[in-house]
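Have the model open as you read.

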Amino acid sequence: MASKSWLTHQATLMLLLISWRESMHCNGLTVDPPEDLVIVDPGHLGHLEITWSPPASLINMTECPKLYQLEYFNTYMDSWTAIRTDRRTHSAQFDLMKDVRVRVYTLLSGPCTNGTMIKSTSYIEVVQKPPSTGVVGTAIQDFVCVYHNMKYMECNWGRSPKMLANSQQNLYFWHKKLEQAEECPKYLILNGARGGCNFTEKSLPKFTDINFCVNGSSPEGPLKPTFISLQIQNHVKPETTEKLHLQTGPDTQLELHWEGPDGSLPGHCLEWEVEHNQEGPDGKIASQLISTKEMSLTLPSICDNKRSCVRVRSRLNKYCADKSFWSEWGRPTCQPEMALKPEWDMVPVYVYIAVAIIAILVLSLCAGAVLKVRRSRQLKKPDYARHIVCQKFSTYICGGLKRQENLHLHRSQTAPVL
């Protein structure tokens with residue numbers, strides 16, 4: 001019995017082995033991995049094209065359809081991404097500042113495999129290292145893009161401490177609607193150097209990867225390039241909430257409602273944060289942050305007519321964007337209302353500028369008038385002095401001549417007659 005059981009076990013193993021060999025080799029057919037795997041950079045700042053060829057052993061095999069399993073390491077998600085395709089080319093987004101790793105398998109099915117999907121046991125792989133060009137330590141820092149109220153986008157960056165003062169930085173961008181990368185339409189100048197880019201005059205697509213590259217040149221050589229990829233709907237910063245209404249309701253409760261920012265931001269995409277500052281019986285201020293998806297809120301009753309102030313800010317919620325920026329806080333609204341005292345911080349900046357310009361003009365006109373009066377006086381004084389001198393000199397000369405005539409006449413009258 002033991003011998004028979006042993007033989008049955010061995011026969012089962014043999015059948016499994018035969019079935020496995022048939023599935024792997026298909027009656028002698030070996031599935032080889034693809035060949036000629038190439039990664040091509042068309043200049044799209046990280047959007048690369050991957051091409052490969054079928055294995056030579058399967059070129060003449062037309063009765064069995066061939067598929068390919070492409071796997072590449074997604075550095076943005078820190079994981080492998082796999083796709084199956086019958087094509088021999090594919091494009092994907094990569095971070096060019098990190099290794100680009102791609103590998104491809106061959107998949108075979110059809111009558112030659114008895115309807116079984118067979119995958120090659122090995123794969124072809126290419127690992128592409130990041131470019132080594134650029135002076136070490138000259139890459140930009142703190143690259144941030146903000147899509148202001150879905151109207152226009154600005155990107156800003158910081159300079160490396162090792163970057164020379166006379167270095168020149170350039171920003172290029174690309175997305176699928178562009179054939180080739182384009183340069184920044186309008187640079188932002190900070191401290192005499194390029195420190196950002198304004199895309200007001202350039203329409204950028206939503207829900208599409210937009211690739212950026214900031215590079216440049218310096219007397220020591222090219223700057224280290226920086227590559228960034230983002231989607232602008234994840235970088236929205238709403239406008240400040242200005243229209244805020246606060247009133248006292250029943251039981252001295254505070255009823256608060258506000259209006260969303262102007263523009264194309266859909267209201268259902270916004271979430272709100274309310275800051276409530278209330279003065280307590282001891283005179284201390286108690287602060288509270290309240291999150292809400294509604295545009296109205298009822299707050300606790302006012303204690304002994306103590307002052308209570310609120311302000312609001314907003315951002316896109318997780319259902320409309322992966323991430324977002326908070327807007328700036330709106331101006332506080334208080335209850336009970338108090339007579340507003342003139343505060344310099346409430347005066348718009350342009351008022352200060354206008355007053356300064358008017359004051360400078362008035363001072364300039366006054367100074368000009370004073371100088372003109374002084375100059376005219378200085379011009380008149382020499383003429384008057386010359387007139388007085390001449391008058392005195394003429395009097396002196398005329399008086400002298402008169403005295404000489406009188407003396408001559410006196411002498412002629414008193415002289416003896418010869």
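Phe143 counts as buried, because its relative accessibility is 18% and the cut-off for buried is under 20%. Keep in mind that this is a predicted model. Phe212 is buried too, with a relative accessible area of 0%.

**Phe143, Phe212 and their cluster**
- Phe143 and Phe212 pair up in a tilted arrangement, with 5.8 Å centre to centre and 50° between the planes.
- This pair links distant parts of the chain: Phe143 is in strand E9 (residues 141-148) and Phe212 in strand E15 (residues 210-218), 69 residues apart.
- Phe143 and Phe212 also belong to one aromatic cluster, together with Trp157, Phe173 and Phe199.

**Another pair to look at**
- Going by the count, there are nine aromatic pairs in the structure.
- One of the aromatic pairs is Trp52 with Tyr68, and this one is edge-to-face: the centres are 5.8 Å apart, with 70° between the planes.
- Trp52 is part of strand E2 (residues 47-53) and Tyr68 is part of strand E3 (residues 66-74), so their pairing ties together parts 16 residues apart in sequence.
- As for accessibility, Trp52 and Tyr68 are both buried.

**Charges over rings**
- Arg103 puts its charged end over the ring of Tyr123, at 5.1 Å from the ring's centre.
- Over the face of Tyr105 you'll find Lys119, 4.0 Å from the ring centre.

Key. Residues are numbered from 1 along each chain as its sequence is written. This is a predicted model: local features need pLDDT of at least 70, side-chain atom pairs count only at pLDDT 80 or more; totals for chains, interfaces and linings use all residues. Side-chain values use heavy atoms; hydrogens and water are left out. Rings of Phe, Tyr and Trp (its six-membered ring) pair if their centres lie within 6.5 Å; planes under 30 degrees apart count as stacked, over 60 as edge-to-face and the rest as tilted. Helices (H or I, at least four residues) and strands (E, at least two) are DSSP runs, numbered from the N terminus. Buried means under 20% relative accessible area, exposed over 50%, partly exposed in between (1.4 Å probe, protein chains only). A charge sits over a ring if NZ of Lys or CZ of Arg is within 6 Å of the ring centre and within 35 degrees of the ring normal.
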